[in-house]
Amino acid sequence: GSSGIIQIQTPTLAIANGGVIQSQTLGQGNAGLIQVDAESITVAGVGSGIRSGSGDRVFRAGPIGTGGDIRLNANQIHLTQGATLNAETYTQAAGGNIVINGSQFTATQQGQVRTTTFGSGTAGTIRLNLGDRLLLTDAGTGLFANTAPESTGAGGNLFAIAPQAWIQAGAGIAVDTQGAGSGGTIQLQIGQLTMASQGFVTAATTGTGKAGDINITGQTLTLTDPGTTIRSGSGTAQQRGLVTGAGGDIRLRGARVTITNGATLSAETYTNGTGGNVFVTGNQFTATRQGQIRTTTLGSGTAGNIVVTGDRLFLSDPGTGLFADTTLGSRGAGGSIFIDAARFDLQAGAGIAVDSEGQGQGGSIELQADRLTLRDRAYITAETATAQGGNITITTQQPLVLRRNSLISATAGNAQA
């Protein structure tokens, strides 16, 4: 039969020094629910955690029951020093879900919330419903819904709702698939999201399963600092020439979206898998100081497109811009860039470019704006080294303004000259 429920009601729950609360099934019965209702919950230390499992590394064949859910209801929840909330399936059955309801959730020093499938069962969903804030900080810290190598089950989805969130100092959120199953979707609804100091949100595939999508909505979305990224990926540099799943799409929607100080939105493919598209919609979109949106193919798969829509778009500083590329040695076609804005200002060396250095055809640029101004070495270019180049189409309601060595150019390489 199924295992029983673990239900704890206490003002304060502290788990440390390898302490574990666990629900697991190794037979046909389902694992039971783990539910904690408290004012505060702290889980600290490597080996400490709350765990749910369907099967294990030994008991994984035959009919085995589903994993149990983990539900935490508390005003404050803190994971730290390698502690985990973990739900796994090694079998044909679905893994348990992890649901966190509260005011504040903090994970630091490699504290993790993780769901994983090692078999054919679907990994569980991670869901956070927070009334105040989400804070993820330090490398190795984060929310992860993954599929393991040689697994065939789909990855779990990841949902988070909070008025404020910080993802920083190498912490992150990821839905990655390394098997045949598709990766899960990331859905964040955050009033004010700040990503800094190598914080990341990623959806990638290194298996044959398709990568999941990333959807983020909020009032203010800010990415800053080198290494900070929202990324979709198909394959790795070591997998060039191999078969992997397609990359997922990235969608950002906010009243104010800012990318600065070397932060990136990127979608890339190293293999035959199609790269993901990047969609950004905002009343105001700003990229400065090498902030970039970029899609790239480094293999035979087609790169994704970039679509930016907003009332006011502003790009400034060298290295800043919207870029859809193909790299040297690649065979896939480049992505295109589509822009629709009421007012669009490019300045101080910022640009928009579709460049093909490989064998695939370069993408095109289509830009619609009521008012478009380029100044101080700003540029819009379509260049190709060996293949057919893309077109540049610009439609404006007011006169197009180019000042101080700004450039609009389409150039074919020597092989096409």
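Student: Which strands each supply at least two residues of the lining of the largest pocket?
Tutor: This is a predicted model, in which local features need pLDDT of at least 70 and side-chain atom pairs count only at pLDDT 80 or more, while totals for chains, interfaces and linings use all residues. Residues are numbered from 1 along each chain as its sequence is written, and side-chain values use heavy atoms, with hydrogens and water left out. A pocket is an open set of points on a 1 Å grid over the protein atoms alone, where a 1.4 Å probe fits, with protein on both sides within 12 Å along at least five of seven lines; lining residues have an atom within 4 Å of a point. Strands are DSSP runs (E, at least two residues) numbered from the N terminus, and those asked for are strand 2 (20-25), strand 4 (49-54) and strand 6 (84-89).

Student: How many residues of that lining come from strand 4?
Tutor: The lining of the largest pocket includes Arg51, Ser52, Gly53 and Ser54. Strand 4 spans 49-54. The largest share of the lining comes from this strand, namely 4 residues.

Student: How do the lining residues divide into nonpolar, polar and charged?
Tutor: Ala, Val, Leu, Ile, Met, Phe, Trp, Tyr, Cys and Pro count as nonpolar, Asp, Glu, Lys and Arg as charged, and the others, Gly among them, as polar. Among the lining residues are Gln22, Asp56, Glu88 and Tyr90. The division is 1 nonpolar, 8 polar and 3 charged.

Student: Which residues are linked with Asp345 in a network of salt bridges?
Tutor: Aspartate 345 pairs with arginine 312, their closest N and O atoms being 3.3 Å apart. This pair links distant parts of the chain, from strand 23 (residues 337-347) to strand 21 (residues 306-316), 33 residues apart. Aspartate 345 is buried at 2% relative accessible area, while arginine 312 is partly exposed at 30%. The residues networked with Asp345 are Arg312 and Arg343.

Student: What is the relative accessible area of aspartate 249?
Tutor: Aspartate 249 forms a salt bridge with arginine 251, with 3.6 Å between the closest N and O atoms. Arginine 251 is partly exposed at 35%. Aspartate 249 counts as buried, its relative accessible area being 16%.

Student: Which residues does threonine 137 touch, not counting those up to four places away in sequence?
Tutor: Threonine 137 belongs to strand 9 (residues 126-137). The residue is buried, at 11% relative accessibility. Those touched are Ala107, Thr108, Gln109, Gln168, Ala169 and Ala171.

Technical notes: Salt bridge = Lys/Arg side-chain N within 4 Å of Asp/Glu carboxyl O. Buried < 20%, exposed > 50% of the residue type's maximum accessible area, 1.4 Å probe, protein only. Contact = heavy atoms within 4.5 Å.
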